[in-house]
Amino acid sequence: MASQRALLPRSTPAASGMSSRSITALLDRLEARSIECHSLMVVRHGHVVAEGWWAPYSAERPHLLYSLTKSFTSVAVGLAIADGLLSLDDRVVHVLPDHVPAGISDQGSRITVHHLLSMTAGHLTDSLAEAWELEPDDLVKGFLGLPFAVAEGTRHTYDNSTTFILARMVERVTGRGLAEFLDERLFKPMGVDHAEWDRVKSGAVFGFHGLHLTTEAIAAFGELLLRGGMWGDRRLVPGEWVELATGRHVDCVPFKEGGRR
């Protein structure tokens, strides 16, 4: 693969006020603990001050981001809201009426964009497998058709289905595929030209998983958020959205090793 254009400027740890010994110590500790690393990129004051890859990974090779993909879908939601096409209070049943199951519960009909983003729809566990089993060809319908255990907005439960639904809502209101929408509004303006997506049988991207980017593109995305959505002199993401997306919205149930609480 041809080398990608640099997204971030390079510097040295010393020039950025960082001890190179601390980076060496980190690498030594990772090796001592036999932690399998794929890549490492340290960014300080907007400059890459250390970077490296472990074979077979390389600077040019896009890497599967797993659930970090959700953060990009969240940005797409924020852009749709900024465009006036969507709001936090919009209900799934209104935006995706053709995905509403017969006999939907009152709570299912109340689920909003905010509940999906904060993963507070009311399920006690990740609904993905059960929702897909209920409706193999329509995860949105399967999600809405499952029973809810607690009131919406009261308990956070990590739930992949919620972000899948957000992706479909963005696509519905924008008339664009999520991948194409983010290419136009985020990746191309940043100089990222290699975003790859895994897709479901219908051809839609997962939204909660499946985005592939290089290490530097991931670091650049983090830098974009640190800058409040600014890339150079261009605003790509509303600052209010970055603040909202990184704030606290609901108490979480403490994790207890070996069981649930």
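Trainee: What span does helix α2 reach from its first C-alpha to its last, and what is expected at 1.5 Å a residue?

Mentor: In this predicted model, helix α2 covers residues 69-82, 14 residues in total, and reaches 20 Å. The expected span is also given as 20 Å, and the value found is close to it.

Trainee: What makes α2 largely enclosed by the rest of the structure?

Mentor: A residue is buried when its relative accessible area is under 20%. In α2, 11 of the 14 residues are buried, so the helix is largely enclosed. Among them are Phe72, Val75, Val77 and Leu79, together with Lys70. After the helix comes Gly84, with a positive phi near 80°.

Trainee: Where does α2 take part in the lining of the largest pocket, and which other elements give two or more residues?

Mentor: The largest pocket has a volume of about 630 Å³. Of its 27 lining residues, Ser74, Leu117, Ser118, Ala245 and Thr246 are the closest to its centre. Besides α2, the elements that give two or more residues are α5 (113-117), α8 (160-174), α10 (215-226) and α11 (239-245). The lining divides into 16 nonpolar, 9 polar and 2 charged residues.

Trainee: Which residues line the largest cavity?

Mentor: The structure holds 1 cavity of 30 Å³ or more, and the largest cavity has a volume of about 30 Å³. Its lining consists of Met119, Ala121, Gly122, His123, Thr157, Asp159 and Thr162. These divide into 2 nonpolar, 4 polar and 1 charged.

Trainee: Why is the pair of Trp132 and Phe208 called edge-to-face?

Mentor: Rings pair if their centres lie within 6.5 Å, and planes over 60 degrees apart count as edge-to-face. The centres of Trp132 and Phe208 are 6.5 Å apart and the planes stand at 65°, so the pair is edge-to-face. This pair links distant parts of the chain, 76 residues apart: Trp132 is in helix α6 and Phe208 in the loop between β4 and β5.

Trainee: Which aromatic cluster includes Trp132?

Mentor: Trp132, Phe164, Phe206 and Phe208 form one aromatic cluster. The search of the whole structure finds 7 aromatic pairs. One of them joins Trp132 and Phe206, edge-to-face at 6.4 Å and 80°. Since Trp132 belongs to α6 (residues 128-134) and Phe206 to the loop between β4 (196-197) and β5 (211-213), this pair ties together parts that are 74 residues apart in sequence. At Phe164, the charged end of Arg168 sits over the ring, 4.5 Å from its centre.

Trainee: Which residues does a cis peptide bond join?

Mentor: The cis bond joins Ala55 and Pro56, with omega about 10°. Pro56 is in the loop between β2 (47-53) and β3 (63-64).

Note on methods: Residues numbered from 1 in each chain as written. Predicted model: local features only at pLDDT ≥ 70, side-chain atom pairs only at ≥ 80, totals over all residues. Heavy atoms only, no water. Phe/Tyr/Trp six-rings, centres within 6.5 Å; stacked < 30°, edge-to-face > 60°. Helix = DSSP H or I, 4+ residues; strand = E, 2+ residues; numbered from the N terminus. Lys NZ or Arg CZ within 6 Å of the ring centre and 35° of its normal. 1 Å grid on protein atoms, 1.4 Å probe; cavity = no way out; pocket = protein on both sides within 12 Å on 5 of 7 lines; lining within 4 Å. Points joined across faces, edges and corners; volume = space filled by probe spheres on them. Nonpolar A, V, L, I, M, F, W, Y, C, P; charged D, E, K, R; others polar. Expected span 1.5 Å × (residues − 1). Buried < 20%, exposed > 50% of the residue type's maximum accessible area, 1.4 Å probe, protein only.
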